[in-house]
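Welcome, and please open the structure in your viewer. We will go from stop to stop, selecting a few residues at a time.

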Amino acid sequence: MNFFETISKILFFLLFLQFGVFSFLSPDNEKKPKEKDQDLITLASINSNNKGMQLDPIIILPGLGGSRIEAKLENFDSNHWFCKENKDWFSTWLNIEVLVPEIIECFNEYFSFEYDPETRYSYDKKGASTRPITGSKGLENLDPTLSFIEAIAYFAKMLEKLRTFGYQEGKTLFPITYDWRLSPRNLTELFELVKYTIEYASEINSGSKVHLISHSMGCFISTLFFAQQTQEWKDRYIATWIPLSPPMGGVMDSLIGLFYGINFGIPIVTGSEVLSMERTFPSLYFFVPHSPYWTKPVVTTPTKEYYPTLQDIHQLLSDLDFPQSSHDMLDDNWDDGSVLTAPGVPTFFQIGSGLNTPIQIQYSDHLGGDYNIIQADGDGCTPSEVMTIACEEWPKQQTQTVECFIWGGAGHGDTVSDDVIIEEVIRILATHS
Ligand SMILES: *[C@@H]1O[C@H](CO)[C@@H](O)[C@H](O)[C@H]1NC(C)=O
């Protein structure tokens, strides 16, 4: 890529900002959530009426791509002469500086994993180390130089609002970041950390119950987490769970990511530039659409239909010549049913709808050739039909409240940053303890 191409890409990027079309994982999102007609009750008024100024602690679990990650290189063996071999800890996700032409090829190398079929775990490559940035710094303003972009500011607006009500990090506010490239099934330490943090937060707040707010992939981690706890523990510690944009049952962006690469909504990046690294992320295999939540074929050619079953997806990977490690990661991550087990805690879904959302890759001639993406209603990432299954099923499985708030025109990322939805979240926090 030459200088002029670089400049034109940057100009293109600035143009995107100008028109505000930028959106996390959902490029079509232009509409805004509907106003709720009811008056919004503020946390402050409820607190002064009901229980003085005591705030119940909040734990926050972000989604795929929603934790900042830093890297360190020590004698890293690159295929490109222009890539650095040594570099002390630096922020690499999200960092616009590593996404520019050429440098992105270095990023693509050191941010990839190596799969070990023995331990069925994915490791950093030799010479590269990575770790999530902890605390609120790790999930607000993913690239601090670009925090004026809503999707990159990510949790910044919600945290800012919570802080104005007196929530304090380490006292009543506990954001927990993690390496979202890994499968939730291999985040054992994260599960221990979540449990420890909930108990600690309760203890230092005179035994009060704790709220859990999760976005996207964080919702999966939460369901798996709740499935591991006893009902007694959940009754003792959990006030509410507020899942924002739960991608239950998987999303087509996983297959699109594995086939073509997804750019996470960052306009200067093309999917193909990050494809080889994304194929090594176990989390993308975890998000492959699953039966029984998905029922229609996810990929079609004029002569063949691939259904969202383990067998068909293996066939699909074979037909596209994916390596054995991809098959292994698919097996490791196939849902055993625990993902959609009712959590046994009061649950308040915030779900976007009304946007075009991929549900099928349709090849016009042969697999891997020209294709169309078939769309249906959803939040731009997860189809409504799939996302609302839990709203219908869980009330049958548990006695605790299950409420679903559907926000017309809200995209996958809007449930974190939209003012009206944030107000709703705060109302839930204030009215349940
Ligand atoms: C990673 O997850 C897979 C699939 O659940 C499991 O078989 C394997 O033991 C895990 N490995 C580690 C090291 O956690």
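How are α6 and α7 oriented to each other: roughly parallel or roughly perpendicular? Keep that in mind while you make the first selection, and remember as you look that this is a predicted model.

**Stop 1: two helices, α6 and α7**

Select residues 188-203 for helix α6 and residues 217-228 for helix α7. Their axes lie 11 Å apart, and the angle of packing is about 70 degrees. Angles of 65 to 115 degrees count as roughly perpendicular, and α6 and α7 are therefore roughly perpendicular to each other. Now show the side chains where they meet: α6 brings L190, F191, V194, K195 and I198, while α7 brings I221, L224, F225 and Q228. Coloured by class, this contact of α6 with α7 shows seven nonpolar residues, one polar and one charged.

**Stop 2: a three-stranded sheet**

Next, find the open sheet whose three strands are ordered β3-β2-β6, with antiparallel pairing. Select 87-93 for β3 and 128-132 for β6; these are the edge strands, each pairing on one side only. From one strand to the next, the twist averages 25 degrees.

Then select residues 103-110. This is helix α3, which packs on the sheet and touches β2, β3 and β6. The direction of α3 makes about 95 degrees with that of β3.

**Stop 3**

C83 sits in the loop between β2 and β3, and C106 belongs to helix α3, so which parts of the chain does the link bring together? A disulfide is a covalent bond between the sulfur atoms of two cysteines. The pair links distant parts of the chain, 23 residues apart, with C83 in the loop between β2 and β3 and C106 in helix α3. Turn the view to look along the S-S bond: at -90 degrees, the link of C83 and C106 is left-handed. The structure holds two disulfides.

Two backbone details can be picked out here as well. Select N75, in the loop between β2 and β3; the phi of N75 is near 50 degrees, a positive value in a residue other than glycine. Then select W93 and L94, where the peptide bond from W93 to L94 is cis, with omega near 0 degrees. L94 has its place in the loop between β3 and α3.

**Stop 4: α5 against α17**

Select residues 156-164 for helix α5 and residues 419-431 for helix α17. How do these two cross? Their axes come within 11 Å and cross at roughly 45 degrees, and α5 and α17 are therefore oblique to each other. The crossing is right-handed. To see what touches, show K157, M158, K161 and L162 on α5, then D419, I422, E423, I426 and L429 on α17. The contact of α5 with α17 divides into five nonpolar residues, no polar ones and four charged ones.

**Stop 5: α12 beside α13**

Now select residues 310-319, helix α12, and residues 324-333, helix α13. The two axes come within 10 Å and cross at roughly 165 degrees, which makes α12 roughly antiparallel to α13. The crossing of α12 and α13 is right-handed. On the α12 side, show L310, I313, H314, L317 and S318; they meet S326, H327, L330 and D331 in α13. By class, the contact of α12 with α13 has four nonpolar, four polar and one charged residues.

**Stop 6: a four-stranded sheet**

The last stop is an open sheet of four strands in the order β11-β10-β13-β14, with mixed pairing. Select 305-306 for β11 and 371-378 for β14 to see the edge strands, each of which pairs on one side only. Strand β10, residues 299-300, runs antiparallel to β11, and two bridges join them. Which residue in β11 is the bridge partner of T300? Click on E305 to find that partner.

Helix α9, residues 252-260, lies across β10, β13 (355-363) and β14. Relative to β13, helix α9 runs at about 50 degrees.

To finish, select S291 and P292: the peptide bond from S291 to P292 is cis, with omega near 0 degrees. You will find P292 in the loop between α11 (282-286) and β10.

Conventions
Residues are numbered from 1 along each chain as its sequence is written. This is a predicted model: local features need pLDDT of at least 70, side-chain atom pairs count only at pLDDT 80 or more; totals for chains, interfaces and linings use all residues. Side-chain values use heavy atoms; hydrogens and water are left out. Two strands pair if DSSP finds at least two bridges between them. Axes are lines fitted to C-alpha atoms, for helices over the stretch in contact, and angles run from 0 to 180 degrees between N-to-C directions. Contact means heavy atoms within 4.5 Å. Angles under 35 degrees count as roughly parallel, over 145 as roughly antiparallel, 65 to 115 as roughly perpendicular and the rest as oblique. A crossing is left-handed if the near helix is turned anticlockwise from the far one by less than a right angle, and right-handed if clockwise. Ala, Val, Leu, Ile, Met, Phe, Trp, Tyr, Cys and Pro count as nonpolar, Asp, Glu, Lys and Arg as charged, and the others, Gly among them, as polar. A disulfide is a pair of cysteine sulfur atoms within 2.5 Å.
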